[in-house]
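Student: Can we go through this one together? I'd like to start with charges and rings, then move on to the strands.

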Amino acid sequence: MDEVAYLIGKTYQTDEIGNQISVSTKRKIYVSVGSVTQYEFYAAAQVGLKPDFRLKTFYLDYQGESALEYQGEIYAVYRTYTDQKAETTELYLTKKVGE
């Protein structure tokens, strides 16, 4: 794993009057980049997604985050696959728009 990415999670904090406020957190992980298969591309297109690529990371690094920053761009994690024998998790990503 030779590249760096940042998983983006959300935590909630309570302000002084008791309101829950969403706070984004970033966590650095190491990844390797791969392309999506033709099957993955067409399966995602059937549900309205346009997959960009996949990243592979150590399986304990991913903790259910829904977004990731890679090379200055924000991507949504639309699917994951964990291989516990290989101790890796594949994150399938699509460009995040509107945020």
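Tutor: First the rule: a charge sits over a ring if NZ of Lys or CZ of Arg is within 6 Å of the ring centre and within 35 degrees of the ring normal. Also, this is a predicted model, in which local features need pLDDT of at least 70 and side-chain atom pairs count only at pLDDT 80 or more, while totals for chains, interfaces and linings use all residues. Residues are numbered from 1 along each chain as its sequence is written, and side-chain values use heavy atoms, with hydrogens and water left out.

Student: OK. Which ring does the charged end of K95 sit over?

Tutor: The ring of Y75, at 5.4 Å from its centre.

Student: And what does R79 lie over?

Tutor: The face of Y92, with 4.1 Å to the ring centre.

Student: How many aromatic pairs are there?

Tutor: Rings of Phe, Tyr and Trp (its six-membered ring) pair if their centres lie within 6.5 Å; planes under 30 degrees apart count as stacked, over 60 as edge-to-face and the rest as tilted. By this rule there are five aromatic pairs. One of them is F41 with Y42: the centres are 5.6 Å apart and the planes are at 85°, so this pair is edge-to-face.

Student: How are F53 and Y75 arranged?

Tutor: Their ring centres lie 5.0 Å apart with the planes at 75°, so F53 and Y75 are edge-to-face. F53 is in strand β3 (residues 51-58) and Y75 in strand β5 (residues 73-83), so the pair ties together parts that are 22 residues apart in sequence. Strands here are DSSP runs (E, at least two residues), numbered from the N terminus. F53, Y70 and Y75 form one aromatic cluster.

Student: Is F53 buried or exposed?

Tutor: Buried, with a relative accessible area of 12%. The cut-offs are under 20% for buried and over 50% for exposed, with partly exposed in between (1.4 Å probe, protein chains only). Y75 is buried as well, at 10%. F41, at 34% relative accessibility, counts as partly exposed, and so does Y42 at 49%.

Student: Switching to strands. What does β3 pair with?

Tutor: Two strands pair if DSSP finds at least two bridges between them. Strand β2 (residues 20-34) pairs with β3 in the antiparallel sense over four bridges, and V33 has L55 in β3 as its bridge partner. β3 and β6 also run antiparallel, joined by seven bridges. There, the bridge partner of P51 is T94 in β6.

Student: Where does T89 lie, and what does it touch?

Tutor: T89 is in strand β6 (residues 88-95). With contact meaning heavy atoms within 4.5 Å, and residues up to four places away in sequence not counted, T89 touches L55, K56, T57, F58, Y59, Y62, T80, Y81 and T82. At 1% relative accessibility, T89 counts as buried.

Student: Which side chain makes a polar contact with the side chain of T89?

Tutor: That of T82, at 3.1 Å. A polar contact is a pair of N or O atoms within 3.5 Å; within protein, one must be able to donate a hydrogen and the other to accept it, and residues adjacent in sequence count only if both atoms are side-chain atoms.

Student: Last topic, backbone. What is the phi of Q71?

Tutor: Positive, about 50°, although Q71 is not a glycine. Q71 is found in the loop between β4 (67-70) and β5, and is exposed, with a relative accessible area of 62%. E87 also has a positive phi, near 55°, and is a residue other than glycine. E87 lies in the loop between β5 and β6 and is partly exposed at 39%.
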